[in-house]
Amino acid sequence: MARRAVAIIRSLPAWLTATLVLALTLGTLLAVALRAEVGRGLSAGDWSAIRFTVLQAAASAIASVILAIPVARALARRQFRGRGALVMLLGAPFILPVIVAVLGLLAVFGRGGLLNAGLLALGVAPISIYGAGGVVLAHVFFNLPLAVRLILQGWLSIPAERFRLAAQLNAPIWRVLELPMLARHAPGALLVIFLICLTSFAVALTLGGGPRATTVELAIWQAIRFDFDLGRAALLACVQFALCAMAALVAWRITPLNGFGSGLDRTVARWDQSRWDWVWLLLVTLFLVLPLAMILWRGVPSLPDLGPDIYRAAGRSVLVALAATTLTLAGALALSLRGGVLVALVGSLPLAASALVMGTGLFLVVFPFVNPVTVALPVTVGVNAVMAMPFALRLLSPAVADIRSDYGPLAANLALGSWATLRLVILPRLRKPLSFAAGLTMALSIGDLGVVALFATPAQETLPLAMYRLMGAYRMDAAAGAAVLLLFMALGAFWICDSRGQGDADAG
């Protein structure tokens, strides 16, 4: 009887988490589909938004992967001081608030930015970052580092012995080793980035707009926020989910396999280095660092002038992030302990979903009963928690499986119960992945500008939404100060959480 009670206790949190994820992904999609008007077709503007969404996602993915290949190759061929710091920098855009990066890109490529100042000095007409070009540029900024990291793993998977054999046979490395590796890894990286760009909302909101640069998610937001056309929003939300589901399915089916076998884990000493390696490394470093440096240069002097409303918005962002992180960690831990098909299901559904589609569905569900404005922050918490769940599961689930494999027999021999095993064996050894997952979720939630833009009023705005409104009012100095505050909050939250995971299982 005791064993059955323990099993029920262990399974109940996992099933509750799975139910929440199903409700916020498939449940909200069903609510949206039921509200969509039967027989209503897509307008010319809707088709334009669909075409632009797919085309900008494809262009962003292709550009990111093509540019990532020489950068990843340079990192694979070169060993130098600061290489680890550069690889770490490549992970920064993933936790960087989108609205902060957009402001940094405007400082470099915008109307009054560094690039246009140089063009005017040369007598060349300035360029505009707004529209399709700006959307693609911002997506490349965010996804080029991800593509480099994914493709670099492919280069590092080639055993050193294959390079030595190619040298002995005087075979061209690029043709016999590197091209086959890219044929396996590049399509997966391209599809993952394509999926990410399909659901990008904040970039299109700030740099897109207009009839020729509107994404499906931006069209959904406009239909609800300005036109209050719930039928059109529902129809577009169904289209958005279908696009994401197809992209996620294809990305899931394409998994790179190691076609080179295993080696002796020796360091590869490359002799085919090129001077162009340093050019590519310098360019990618400037591309990533310069916008952030411009934010700091323009924003730090404006910090003392930020009003109390900005700090109240910052406080709301922290509270939303703390609540979302608590839900994400509790749910991911429960699912990891339960294991099985639930982990695969919950880890996949949010990747095919869209935060704005979830927000639209929740808007339709609560609208007949309460004013959606009153639940703006709780809805934001729930959506942020679900969207971060796949990343947390990716970190926790393999770690839990390894701990059970290594220490499960010992715990069974000592007759430790489930709660004692969790407290004494599993949780201490999950400190590092738990802390990293907490930091990642905190940073992503603090910088999120998604569903909160659908519901919140100025009295409920988070810091990213407050910053967006400052940019819309052309108060760029105040927006730069808010960007610095948001940047410090996101990176600080990540560092504080992640540093708690340093050390071994016996520490603390």
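Axes are taken here as lines fitted to C-alpha atoms, for helices over the stretch in contact, and the angles between them run from 0 to 180 degrees between N-to-C directions. The structure is a predicted model, in which local features need pLDDT of at least 70 and side-chain atom pairs count only at pLDDT 80 or more, while totals for chains, interfaces and linings use all residues. Residues are numbered from 1 along each chain as its sequence is written, and side-chain values use heavy atoms, with hydrogens and water left out.

The secondary structure of the protein chain comes to 22 helices and zero strands. Helices (H or I, at least four residues) and strands (E, at least two) are DSSP runs, numbered from the N terminus. Of the 508 residues in the protein chain, 51% are buried, where buried means under 20% relative accessible area, exposed over 50%, and partly exposed in between (1.4 Å probe, protein chains only). Contact is defined as heavy atoms within 4.5 Å. Among contacts in the protein chain between residues at least 6 apart in sequence, 84% join residues at least 24 apart.

Helix α7 (residues 132–156) has 25 residues, which should span 36 Å at 1.5 Å a residue, and its end C-alpha atoms are 35 Å apart, in agreement with that value. The expected span of a helix is 1.5 Å times one less than its number of residues. A bend of about 40° is found in α7 at N143, and a proline, P145, follows within four residues; the bend at a residue is the angle between axes fitted to the seven residues ending there and the seven starting there.

The axes of α7 and helix α13 (residues 276–299) come within 11 Å and cross at roughly 115°. This crossing of α7 and α13 is left-handed, a term that applies if the near helix is turned anticlockwise from the far one by less than a right angle, with right-handed used if clockwise. On the α7 side the contact involves L137, V140, F141, L144 and P145, which meet V284, F287, L288 and P291 in α13. An α-helix has 3.6 residues a turn, so residues three or four places apart point the same way.

Helix α5 (residues 98–109) has 12 residues and reaches 16 Å from its first C-alpha to its last, close to the 16 Å expected at 1.5 Å a residue. Because 11 of the 12 residues of α5 are buried, this helix is largely enclosed by the rest of the structure. Among the buried residues of α5 are I99, V100, L103, L106 and F109. The buried residues of α5 pack against α6 (114–121), α7, α10 (202–207), α13, α21 and α22.

S336 lies in α14 and counts as buried at 4% relative accessibility. Residues up to four places away in sequence not being counted, S336 touches V343, L393, L396, S397, V400 and R404. T325 is also placed in α14 and, at 6% relative accessibility, counts as buried. T325 and A437 are 112 residues apart in sequence, and their C-alpha atoms are 8.5 Å apart in space. Neighbours within four places in sequence aside, T325 is in contact with A438, T441 and M442.

In the loop between α13 and α14 lies L303. Apart from neighbours within four places in sequence, L303 is in contact with Y311, G481, V484 and L485.

K432, in helix α19 (residues 431–446), counts as exposed at 53% relative accessibility; the C-alpha atoms of K432 and R500, 68 residues apart along the chain, are separated by 7.6 Å. D402, in helix α17 (residues 376–413), counts as partly exposed at 48%. Y474 is found in the loop between α21 (463–472) and α22 (476–499) and counts as exposed at 72% relative accessibility. Y474 has a positive phi of about 60° although it is not a glycine. Most residues other than glycine have a negative phi.

A search of the whole structure finds zero disulfides, a disulfide being a pair of cysteine sulfur atoms within 2.5 Å. C244 is buried, with a relative accessible area of 0%, and C497 is buried at 18%.
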